[in-house]
Amino acid sequence: MEHWSDGVLDFWSDGVMQNFSTPLLHYSNNPSLQYSSNPSLHHSINPTFVMPELPEVETIRRGLERVLIGETIQQIKIHETRLRQPVNVRKLRRLIAGQPVRALHRRAKYLLCEMGNGAHLVVHLGMSGRLLYCKKSHPLQKHDHVQFIFHNGHELRFCDPRRFGMVDAVLPGKLQDYNHFQNLGIEPLSPELTAGYLHARAKGLSRPIKNFLMDAAIIVGVGNIYASESLFRAGIPPQKPSGKLSRQEWEKLAQAVRETLALSIDAGGTTLNDFYNSDGEMGYFQQHLMVYGRDGEPCRACGSKIRRLVQAGRSSFYCPRCQKSKSVKRNA
Ligand SMILES: [Zn+2]
C-alpha cells in the first residue's frame, strides 16, 4: 500500500493525517538558526505534516548549494544500510569519498551532488528523510544513517526514521542510464512543460486530469497537494477527463503548475532562512494552500465550501464554483 515514487501517500485516506517529519537543514555555522522556531509561524502551521515534495527538495538543493560547493568529503560513515534500496557502501566510498562537491542538481525528487570526478551522489528523502548539515561535534541522533564528513569540520547527515529514503552513487557519465530515472517524465519547471506537450500526452485519455497530472511518467514532482492546488488555480475540476481539456485549459494548467511550484519554492527558500523547529517541521507552504486539506472550509476566492473527493485512492480538494468544467453549461 505504501509506495515510494514521485507521488505521495494519501495521508487522508483513513481520515487521519499522519505525522511525519520533514526535511530539515541546519546551518551550524549560524547557531541562532538551529532549533529556532518562530512562534507566530508555528501557530499557523498544521502540526501534522506531509512528506517532502519537489519544492522542498529544490529548497534543500539551494540550501546545500550555498554550503557544500567546493567542500571535500573526507570520510563517509554508514550506520544503517537497510534503506529503500540497500546502501552500496563500497561504491559510495569508491566514488564519493575524497571528492570535492562540484555542483548540486535535482531530478524529480532526487538530490544529485556532482563530485569533482564526475560521479554523482544521489539522495532521495523518501517519506521521512532529512538532511542535516552540522558541526562534527553535534551529537549523533538515533536515525542518522549516513554521515558525509567534510574537511571543513562539518558534516552532512542523512537521517530517516522510516527508511524509505535512498543514498546511492552513480559512475561518471552514467546518470542518463540510471535505473531510477528511466521512466521519469518532464521536469515541471523546465521549458519542456508546455500546453502542447500535455495536450499531446493526454490525447484520447478518459483518465481524470488530477490523476494524469500526478503521473510521474508524464510530469514529475506534481504531488497530491500541488495537483489540487494547480487545478484550482487553473479553474479545472479534478474529475475532468484529461482528453477533454481544451487548448486554453492546457495553457492555464501548465502555467498554474509552474506558478504553484515556484511559489512554494520561493516560500520555502525564504522560510529556510528563519524557521526551523526541533521536531523537524518546516511547514511553509501550507500557508499558501487554497484548497488542499480545506474540506468544508470556505473557498478563499468565492466563499463556496471546498469539497473533497477520492481519486485513485488519493484525496482531491476543489471548489465546486471556481472549478467548473467548461463543457458543463453554467445556468445556476
Ligand atoms: Zn471558489
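Where is alanine 312 found? This residue lies in the loop between strand E9 (307-311) and strand E10 (314-318), strands and helices being DSSP runs numbered from the N terminus (E, at least two residues, for strands; H or I, at least four, for helices). The model is predicted, so local features need pLDDT of at least 70 and side-chain atom pairs count only at pLDDT 80 or more, while totals for chains, interfaces and linings use all residues. Residues are numbered from 1 along each chain as its sequence is written.

Most residues other than glycine have a negative phi. Alanine 312, however, has a positive phi near 50°. It counts as partly exposed because 13 C-beta neighbours lie inside 10 Å; with C-beta atoms placed from the backbone, 20 or more others within 10 Å make a residue buried, 12 or fewer exposed, and a number in between partly exposed. Alanine 108 also has a positive phi, of about 50°, and sits in the loop between strand E2 (101-107) and strand E3 (110-115). Around alanine 108, 19 other C-beta atoms lie within 10 Å, so this residue is partly exposed.

Turning to helix H2 (residues 54-68), its 15 residues should span 21 Å at 1.5 Å a residue, the expected span being 1.5 Å times one less than the number of residues. The end C-alpha atoms are 20 Å apart, which agrees. Buried residues in H2 include Leu54, Ile60 and Leu68. Glycine 70, with a positive phi near 90°, follows H2.

An open sheet is formed by four strands in the antiparallel order E1-E6-E7-E5, where pairing requires at least two DSSP bridges between two strands. Strand E1 (73-78) and strand E5 (130-135) are the edges, each pairing on one side only.
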